[in-house]
There are 2 protein chains.
Amino acid sequence: MQLLEERIRKDGIVRAGNVLKVDSFLNHQMDIDLFNEMGKELFRLFGEDDVTKIVTIEASGIGIACVVAQYFNVPVVFAKKSESKNLDGDIYTSTVSSFTKNKVYDIRVSKKFLHKEDRILLIDDFLAKGNAMLGLLDICQQAGATVVGAGIAIEKGFQEGGELLRKRGLRIESLAIVDAMNEDGTIEFRPQ
Amino acid sequence: MQLLEERIRKDGIVRAGNVLKVDSFLNHQMDIDLFNEMGKELFRLFGEDDVTKIVTIEASGIGIACVVAQYFNVPVVFAKKSESKNLDGDIYTSTVSSFTKNKVYDIRVSKKFLHKEDRILLIDDFLAKGNAMLGLLDICQQAGATVVGAGIAIEKGFQEGGELLRKRGLRIESLAIVDAMNEDGTIEFRPQ
């Protein structure tokens, strides 16, 4: 998606350790017009797949998922990361390792909100090692739901998550795939 | 807002300890059509206030904030709750006690995204004791920004947050104010 690639080139900041900071428009401050363009593009890609629900993970996936959901006219469910008084009863859980936060945590979704009839589109801001996606896939599989694919804003193509998940048969549509981030701050995108 | 009150009556669940579960439409599964109606109502209420930015707090405020922001045509900034490799540099911080999660945590916003020229609308799903709002207010004050008010989905009118914040001069527009939750599961709303 050219608009997103241009925005990453313009406002993304490359940091040591393969960190790409896009906090001015994607995951701290959020450009809602850009999210709407991402929603149009994801609907172009998945609009024929009879999506019944969008599933994401807190926190930075939620904003994108909610704006994108308007094009599919479906509700959003977000997997919670922490224990809370308000999440009781029967839940699906899975364990996720976070590269960015350098820790392992549980994600949880109430069984009330995922059903075997559901056709799920997974949404997240980043795909790197793929751990968050594996956790969401695990939870959807526990529910017996169909995952039609994953819509990702930025995939780090030089990390293994995308290849791993595609080999497992997951359809992944990443709106921008970063193949390399160079020491001079330039970013190379995979042609799509 | 009648639509929200009706939805709370229909799908909200009253639990012991003054817990109101609205996880089927507000803060776990999210009804995006409802969020759009909330956006229209909040724009009716704050549309003349020259809002330049919406500020919320992760996680359950983010979805509402992003949908509401479309009516104001402004970006959203969400305060982060946890330390992360991706949030570096100069940040505003404040400390928040969570009633629901029974713990104290820091919230953080990058200084890059709040400026003294900003006119901020705060958004959150719940207002109870007001601690999250106090933390967001503190951060906006540190930035020298103007807070035009707070748009809240559900205020627990029997807890002290709303009164406390209004006494401090904050304009709060709560789309539904729950004045009592009874043992038989019925909910009393404050007439607005």
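Mentor: Start with strand S4 (residues 53-57) of chain B: 3 bridges join it to S8(B), and the two run parallel. This is a predicted model, where local features need pLDDT of at least 70, side-chain atom pairs count only at pLDDT 80 or more, and totals for chains, interfaces and linings use all residues. Residues are numbered from 1 along each chain as its sequence is written, chains are lettered from A and ligands numbered from 1 in the order in which they are written, and side-chain values use heavy atoms, without hydrogens and water.

Trainee: What makes S4 and S8(B) a pair?

Mentor: Strands (DSSP runs of E, at least two residues; helices are runs of H or I, at least four; both numbered from the N terminus) pair if DSSP finds at least two bridges between them. S4 and S8(B) have 3 bridges, so they meet the rule of at least two. One facing couple is B:Val55 and B:Leu122.

Trainee: Which strand pairs with S8(B) over 8 bridges?

Mentor: Strand S9 (residues 146-156) of chain B, again in the parallel sense. There, B:Ile120 stands opposite B:Val147. Between S8(B) and S9(B) the chain passes through helix H4 (residues 131-142) of chain B, making a right-handed β-α-β crossover. Right-handed means this: with the strands pointing away from the viewer, the path from the first strand over the helix to the second runs clockwise.

Trainee: How do you know that S8 of chain B is mostly covered?

Mentor: Count the buried residues (under 20% relative accessible area; exposed is over 50%, partly exposed in between; 1.4 Å probe, protein chains only). In S8 (residues 119-127), 8 of 9 residues are buried.

Trainee: Why is strand S4 of chain A called largely enclosed?

Mentor: Because 5 of its 5 residues are buried. Check both faces. A:Lys53, A:Val55 and A:Ile57 are buried on one side, A:Ile54 and A:Thr56 on the other.

Trainee: What does S4(A) pair with in the parallel sense over 3 bridges?

Mentor: Strand S8 (residues 119-127) of chain A. A:Lys53 stands opposite A:Ile120 there. S4(A) also runs parallel to strand S5 (residues 76-79) of chain A, with 4 bridges. A:Val55 has A:Val77 as its bridge partner in S5(A). With H3(A), S4(A) and S5(A) form a right-handed β-α-β unit.

Trainee: Which residues have the most contacts inside the largest nonpolar core?

Mentor: A:Ile54 and B:Ile54, in a core of 82 residues. Such a core is a set of buried Ala, Val, Leu, Ile, Met, Phe, Trp, Tyr and Cys residues joined through side-chain atoms within 4.5 Å. Setting aside neighbours within four places in sequence, A:Ile54 is in contact (heavy atoms within 4.5 Å) with residues including A:Phe72, A:Val77, A:Leu121 and A:Ile123.

Trainee: What makes A:Phe43 and A:Phe72 an edge-to-face pair?

Mentor: Rings of Phe, Tyr and Trp (its six-membered ring) pair if their centres lie within 6.5 Å; planes under 30 degrees apart count as stacked, over 60 as edge-to-face, the rest as tilted. A:Phe43 and A:Phe72 are 5.1 Å apart centre to centre, with 75° between the planes, so both tests are passed. The pair links helix H2 (residues 32-46) of chain A to helix H3 (residues 60-72) of chain A, 29 residues apart.

Trainee: Buried or exposed: how does A:Phe72 count?

Mentor: Its relative accessible area is 10%, so it is buried. A:Phe43, at 35%, is partly exposed.

Trainee: How do you know that A:Cys66 is in no disulfide?

Mentor: A disulfide needs two cysteine sulfur atoms within 2.5 Å. For A:Cys66, the nearest cysteine sulfur belongs to B:Cys66, 7.0 Å away.

Trainee: What makes the bond between A:Glu58 and A:Ala59 cis?

Mentor: Its omega is about 0°. A:Ala59 lies in the loop between S4 and H3 of chain A. Chain B has a cis bond joining B:Glu58 and B:Ala59, also with omega of about 0°.

Trainee: Why note the phi of A:Asn73?

Mentor: Most residues other than glycine have a negative phi. A:Asn73 is not a glycine, yet its phi is positive, about 60°. A:Asn73 sits in the loop between H3 and S5 of chain A. Its relative accessible area is 59%, so it is exposed.
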